[in-house]
Amino acid sequence: MSYDRRDFLKTLTLGGFALFTPDWFSSVKERRPTKPEFRLPAYAKDPIPKGHDVINAVWNDGTGYILYLNGTPYDEPPKITLREKLAEEGEEGVGEVIDEFRSKYGEFIWDLEELDNEVEEEQVEQLNENSDEEYTFEPDETWRDFIGRHDSQLLEDVESSAEEWGSKVYDRLDDHIDWDEHEDWLTDWCRNQAPEADALGYIEGLFDGLESEGEEKTELARELETYDLDGIHFIDGACPGNDTLRCAVAPDYETLAALQRAIDGLGWSATVVLLEPAKGDERAS
């Protein structure tokens, strides 16, 4: 036995209650909830229940409604220092190496390019005044050679850090990241932490929740997820060679309304918002 999309949704229940009924379909068609429990997608300036996540829907011609969890298409990666990001990546040692190097030689080397400058005898005397170590001076020696004689492992660690993370790791360790200079980190944020990626994860969790409710809900999850049935579908990669985009897409207002109904049926706290609606989906006058 087969159902068209409308009839199929009408057969589904959750917790003994029908999710998609003639009254609900009427509400969706008129863009007005005929019952309090029939929450439809909200609009940008509508009040959102306290404590609710927000799933912003933004219309994109040729694609559909791209979904964003607690964010928008215009959100950027967080402001975070290079030191903090390295710590997140388990690379705290880089900061420790840079701090040690700068505490010893930072007064004379503001940029790693200055390693090729010639050491002056007065500078060595100043080092000895401020250190328990004994530094020796040799004429015509560069800082690279000088530190190589006195602190070869530290020099190697600093130059390795600069080679791996960029020369700015030395003098910009506590500045905010320029994300464009760290393509791998930017790609990872886009794929796993951007609002559209978060929305995809949320929808995947919703499908899991529906499936855990029983066989009928498994069918509902399939219906919402299957592109051929005009359900929510997932994009993994904007185009060949560009895998930064991961998102969930709803093709129309009706699917957004079904998403809101499924969220409410599971008792989850989230509101779908038409942040940028398609023509024809604007608020009814």
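Predicted model: local features only at pLDDT ≥ 70, side-chain atom pairs only at ≥ 80, totals over all residues.
Trainee: Which residue does the side chain of Glu181 meet in a salt bridge, and where do the two partners lie?

Mentor: The general idea is that side chains of opposite charge can pair when their charged atoms come close. In this structure the side chain of Glu181 forms a salt bridge with that of Lys168, at 2.9 Å from N to O. The pair joins distant parts of the chain, since Lys168 belongs to helix 8 (168-171) while Glu181 sits in the loop between helix 8 and helix 9, 13 residues apart. Salt bridges can also share partners, and in that way Glu100, Lys104, Glu133 and Asp151 are joined into one network.

Trainee: How many salt bridges does a search of the whole structure find, and which residue pairs with Arg39?

Mentor: The search of the whole structure gives 19 salt bridges. In one of them, the side chains of Arg39 and Asp264 meet at 2.9 Å, N to O. This pair too links distant parts of the chain, with Arg39 in the loop between helix 2 (22-30) and strand 3 (42-43), and Asp264 in helix 12 (residues 253-266), 225 residues apart. Arg39 is partly exposed, at a relative accessible area of 22%, and Asp264 is also counted as partly exposed, at 22% relative accessibility.

Trainee: Turning to charges on the surface, which residues gather in a patch of negative charge?

Mentor: Such a patch is made of residues with over 30% relative accessible area and no salt bridge. Here, Glu118, Glu120, Glu121, Glu122, Glu125, Glu129 and Asp140 come together in a patch of negative charge on the surface. One of them, Glu129, is located in helix 5 (residues 121-129) and counts as exposed, because its relative accessibility is 65%.

Trainee: Is Gln123 buried or exposed, and which residues does it touch beyond four places away in sequence?

Mentor: Gln123 also lies in helix 5, yet it counts as buried, because its relative accessibility is 17%. Setting aside residues up to four places away in sequence, Gln123 touches Phe108, Glu118 and Trp143, and Glu118 is among the members of the negative patch.

Trainee: What does Asn192 contact, apart from its neighbours within four places in sequence?

Mentor: Asn192, which is in helix 9 (residues 183-192), is in contact with Ala197, Asp198 and Arg246 once those neighbours are left aside. Asn192 and Arg246 are 54 residues apart along the chain, and their C-alpha atoms are separated by 7.8 Å. With a relative accessible area of 42%, Asn192 is partly exposed.

Trainee: How many helices and strands are in the protein chain, and what share of its residues counts as buried?

Mentor: The protein chain has 12 helices and 8 strands, and 42% of its 285 residues count as buried. Among contacts with a separation of 6 or more, 62% are between residues 24 or more positions apart.

Key:
Residues numbered from 1 in each chain as written. Heavy atoms only, no water. Patch = residues over 30% accessible without salt bridge, like charges linked within 9 Å, V, L, I, M, F, W, Y side chains within 5 Å. Areas by Shrake-Rupley, 256 points an atom, 1.4 Å probe, with all protein chains shown as cover. Salt bridge = Lys/Arg side-chain N within 4 Å of Asp/Glu carboxyl O. Lys, Arg positive; Asp, Glu negative; His and termini not counted. Charge placed at Lys NZ, Arg CZ, Asp CG, Glu CD. Helix = DSSP H or I, 4+ residues; strand = E, 2+ residues; numbered from the N terminus. Buried < 20%, exposed > 50% of the residue type's maximum accessible area, 1.4 Å probe, protein only. Contact = heavy atoms within 4.5 Å.
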